[in-house]
Amino acid sequence: MTTAGDAGDDRGAGDGRGGRDAGGGRGRWGDAVAVVDLDERGWPLRDTRAGPRPVPPPGLLDHFAARLTPPSWATDVVVYVHGWQTSRTSSRQAVGELLGLAGRQLARRPELYPRLGGAGGPRRGAAAGRGFAPWPVLVRWPSRSLPSLGGYRRVRDRAHAMSTAGHAADVIGQLLGYLDARRGDPHAAPVLAGRGGQYLHLVGHSFGCRFLCEAVQWAAGAPGGTLGWSTPAPPGRPFTVDSMLLFQMAAPRDAFAETFTELAGAPLRGPVVATYAQGDRATGFWHLRAEKRTGIGHAGIGTAPAPVSGIRMRGTDDGYPHAALDHRFVSVDASHVFVRGRGPAGAHSDHLRPESAHLLLSLADHSR
């Protein structure tokens, strides 16, 4: 199911398999995008002759298997969940733009990321811990509404229902478990990178951050493997995530203390990094009126189950030391960077910046 605002957008773009260039290791970063579409209940959709239809529950893992096998050239899997007012087309463009910015930044300043091994696009046989060739997995959901207080509340309530009364949390959790189980052969990698030789990063924007937090909190099962962060591997988890980067999160400042309370001991070896900007009116003006509290995307992380480290977003020539990011919760002030945007949302969607790509690359580098 899609909203009226999504009708007519790239219906054929969600095949998720990537093209010949991507499979052959010759495509640009962001070209080989795998796509998982969710309906308003948070359940995956599949393309049929009659249009998108829910995947039969017994066929969920087969659905993942047909679309979500990490390619051999990938060193990192980047799961991206978009936010409010994002169409099917623009969500695909957003993840491609972010990884394109990362590719250009790595080519321009490779010395800032010594463990990523320099520039270059996807390469056949690239192993985790040697180079950086990201494979994006895009999770799309019906996020369109009127650009008003009523529209904001409608999408807020939908996102909450999809993760609580619906299936989004366990579906995305199973998706991450599936990806974790299939991310390469650790015996073929020069170092043991996660459980399967490829690093797994989560990137969210706006309400998409809520879905990722719910999915990580949901997880239970066997632990992951050996990674670069100092946090011990949590026991009893089905997957381990190497980093979580949350751009302009649409949730109250105390969400980690009141709602996502298990993230301090969740299957996450790297930090929870959340950006904020005072020019973000969606999580400031609108969020304050909808929830009586400002949002993380406007004022940063407030209280949390573990100490919160506050830092300023760095320029693309200024590296992030390991100590700056190696905390459970990191609140990043991007008020001087995320400044573009007009209308009700302000700078809410100004996260597709070189500085954002620099932060993502730094997290990937420190995960090694």
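**View 1. Polar contacts of the Asp76 side chain.** The side chain of Asp76 makes a polar contact with the side chain of His201 at 2.8 Å; a polar contact is a pair of N or O atoms within 3.5 Å, where within protein one must be able to donate a hydrogen and the other to accept it, and residues adjacent in sequence count only if both atoms are side-chain atoms. The Thr75 side chain also makes a polar contact with that of Asp76, at 2.6 Å. The model is predicted, with pLDDT of at least 70 needed for local features and 80 or more for side-chain atom pairs, while totals for chains, interfaces and linings use all residues. Numbering starts from 1 along each chain as its sequence is written, and side-chain values use heavy atoms, without hydrogens and water.

View 2. Val77, at 1%, is buried. Beyond four places in sequence, Asp76 is in contact (heavy atoms within 4.5 Å) with residues including Phe132, Trp135, Tyr199 and Arg368. Residues in contact with Val77 include Pro70, Leu179 and Tyr199. Val77 and Tyr199 are 122 residues apart in sequence and 6.0 Å apart C-alpha to C-alpha.

**View 3. Helix α2 against helix α5.** The axes of α2 (residues 60-67) and α5 (residues 168-181) come within 11 Å and cross at roughly 50°. The contact is made by Leu60, Leu61, Phe64 and Ala65 of α2 with Val171, Gln174, Leu175 and Tyr178 of α5.

Note on methods:
Buried < 20%, exposed > 50% of the residue type's maximum accessible area, 1.4 Å probe, protein only. Axes fitted to C-alpha atoms, helices over the stretch in contact; angles between N-to-C directions. Helix = DSSP H or I, 4+ residues; strand = E, 2+ residues; numbered from the N terminus.
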